[in-house]
Amino acid sequence: MKSTNTELIVIGGSAGSLQVILEMIKKLNIELQFSIVLVVHRKAHSTSILPVLLQQFSSMEVVEIEDKTEIKNNTLYIVPADYHLLFENKKMMSLDSSEKMNYSRPSIDVTFKSAAEIYGENVIGILLSGANADGVEGLGYIKKNGGKVWVQDPETAEVNYMPKHAVDEVDYDLIITPENLANYINQL
């Protein structure tokens, strides 16, 4: 489980994932040597209270991504509503407003694929609770590029469609639960 080469964790979630994310950030170490990016499906024109909410529970800095956001270690980034997130390189992220993928913008697949292309074996993709197939194809792409794939145990997911799809279709490295996710991340 020990890995010294993790440079990025990308976490995708939809319906039912917020509780898992809150549970995770409460228990994260404050000196992570990589950053974490959250791609969570939410309404296109919602006011962004998610960063404020997460910051209340996190000892890490929580940042909602803007176009050309610089990537820093030990930071929790949130993809804004109604944008896809792309990695330009290991130092810079950009936003894209092209058409929805899997009925979603941000699309988990788009971010997972971009992360896989830039970070290769140094990325971990994690798929949480959700009601559509977004993220499954992206996890496969992360695995194909040498990265690690973690999936929430469908039995623990509020909405198990996304994680069940991933377990059935992707060669995963680890099944996680809301209780043990932070422990696995802290061990990296």
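## Strand β1

Leu8, Val10 and Gly12 point one way from strand β1, while Ile9, Ile11 and Gly13 point the other way. Residues on both sides of the strand are buried. The model described here is a predicted one. β1 covers residues 8-13, and six of its six residues are buried, so the strand counts as mostly covered, where buried means under 20% relative accessible area.

## Neighbours of β1

β1 pairs with strand β2, which spans residues 35-40. The two strands run parallel and are joined by six bridges. One of the residues involved is Ile11, whose bridge partner in β2 is Leu38. Helix α1, residues 18-27, belongs to a unit with these two strands: β1, α1 and β2 make a right-handed β-α-β unit.

β1 is also joined to strand β8, residues 123-127. Here five bridges link the strands, which again run parallel.

## Helix α2

Which residues of helix α2 are buried? In this helix, residues 50-57, they are Leu50, Pro51 and Leu54. Seen down the axis of α2, these buried residues fall within an arc of 90°, so they line one face of the helix. Val52 and Gln56, on the other side of α2, are exposed.

What covers the buried residues of α2? The cover includes helix α1 and strand β2, both of which are also part of the β-α-β unit with β1. Strands β3 (61-64) and β5 (75-78) are included in the cover as well.

Methods: Residues numbered from 1 in each chain as written. Predicted model: local features only at pLDDT ≥ 70, side-chain atom pairs only at ≥ 80, totals over all residues. Heavy atoms only, no water. Buried < 20%, exposed > 50% of the residue type's maximum accessible area, 1.4 Å probe, protein only. Helix = DSSP H or I, 4+ residues; strand = E, 2+ residues; numbered from the N terminus. Pairing = 2+ DSSP bridges. Right-handed = clockwise from strand over helix to strand, strands pointing away. Arc of directions from axis to C-beta. Contact = heavy atoms within 4.5 Å.
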